[in-house]
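Please read them alongside the sequence and the coordinates.

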Amino acid sequence: MARQPTSRTPRSRSRKTASKLGGSAQTAGQVAEDEALEDAVADAQKLADATISSADDKLQTANLPTATTPIQKAASFNQAQLTAQTGEVLGALESPLADQAAVMMLEDLRGYMQGSEQLVLAASGQAMALLLDPATQDTGKKALQELATWQTSLITFSGSVTTTASTIKTDFA
């Protein structure tokens with residue numbers, strides 16, 4: 001069943017749907033509205049293109065300060081290299097970016113594991129305390145079993161993160 005056009009449904013989409021379903025033709029008002037909308041979009045695109053072109057012209061003719069310090073000269077050189085050889089430079093950056101992403105994933109995992117270690121320590125202590133009391137021994141056993149299950153899932157999770165981190169470099173390439 002086709003969705004009925006709403007005030008938010010573009011008329012062009014409702015028109016395509018109606019023609020596919022053998023629906024009725026548009027009214028003259030809808031056609032005029034669609035044409036006015038298309039003209040407005042075209043005018044807006046022309047205005048945006050002119051604005052961008054004007055901004056580019058102003059940037060190219062601007063009196064930018066001349067680099068005088070070694071750091072400013074290095075920054076200017078890097079800027080020129082990036083704008084001149086975008087494809088090659090971006091290709092050269094793939095490997096360091098992939099390495100950084102993998103290292104960040106492993107560092108996040110390390111932090112998560114350290115936090116989990118603190119939780120396991122507290123939960124294990126509570127489970128041991130329950131085991132020592134004959135009235136709550138069954139609860140203590142269940143708590144230890146749940147901890148073992150949670151640790152197994154934690155090991156699985158860390159393995160999958162490590163695998164993803166090791167394959168991320170090939171994913172970037």
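1. A residue is called buried at under 20% relative accessible area, exposed at over 50%, and partly exposed in between (1.4 Å probe, protein chains only). On that scale, 10% of the 173 residues in the protein are buried. The model is a predicted one: local features need pLDDT of at least 70, side-chain atom pairs count only at pLDDT 80 or more, and totals for chains, interfaces and linings use all residues. Numbering runs from 1 along each chain as its sequence is written, and side-chain values use heavy atoms, with hydrogens and water left out.

2. Secondary structure. Helices (H or I, at least four residues) and strands (E, at least two) are DSSP runs, numbered from the N terminus. The protein has five helices and zero strands, and its pattern along the sequence reads α-α-α-α-α. Among the helices are α2 (residues 28-61), α4 (residues 86-132) and α5 (residues 137-172).

3. Aromatic contact. Rings of Phe, Tyr and Trp (its six-membered ring) are paired if their centres lie within 6.5 Å; planes under 30 degrees apart count as stacked, over 60 as edge-to-face and the rest as tilted. A search of the whole structure gives one aromatic pair. The partners are Y112 and F157, in an edge-to-face arrangement with 5.6 Å centre to centre and 70° between the planes. Because Y112 belongs to helix α4 and F157 to helix α5, the pair ties together parts that are 45 residues apart in sequence. Y112 is partly exposed, at 42% relative accessibility, and F157 is partly exposed too, at 39%.

4. Nonpolar patch. Patches are built from residues with over 30% relative accessible area and no salt bridge; like charges are joined within 9 Å, and nonpolar side chains (Val, Leu, Ile, Met, Phe, Trp, Tyr) within 5 Å. The areas come from the Shrake-Rupley method with a 1.4 Å probe, and for residues only the protein chains shown count as cover. Y112, M113 and F157 make a nonpolar surface patch of about 270 Å².

5. Negative patch. Asp and Glu count as negative and Lys and Arg as positive, while His and the chain ends are not counted. Each charge is placed at NZ of Lys, CZ of Arg, CG of Asp or CD of Glu. On the surface, E35, E38, D39 and D43 gather in a patch of negative charge. Of these residues, D39 lies in helix α2.

6. Salt bridge. The criterion is a side-chain nitrogen of Lys or Arg within 4 Å of a carboxyl oxygen of Asp or Glu. How many salt bridges does this rule give? The count is one. E107 is bridged to R110, with the closest N and O atoms 2.9 Å apart. Both residues lie in helix α4, three residues apart, about one turn of the helix. E107 is partly exposed at 40% relative accessibility, and R110 is partly exposed at 42%.

7. S95 sits in helix α4 and is partly exposed, with a relative accessible area of 31%. The C-alpha atoms of S95 and K169 are separated by 6.8 Å, although the two residues are 74 residues apart along the chain. A143, in helix α5, is partly exposed at 26% relative accessibility.
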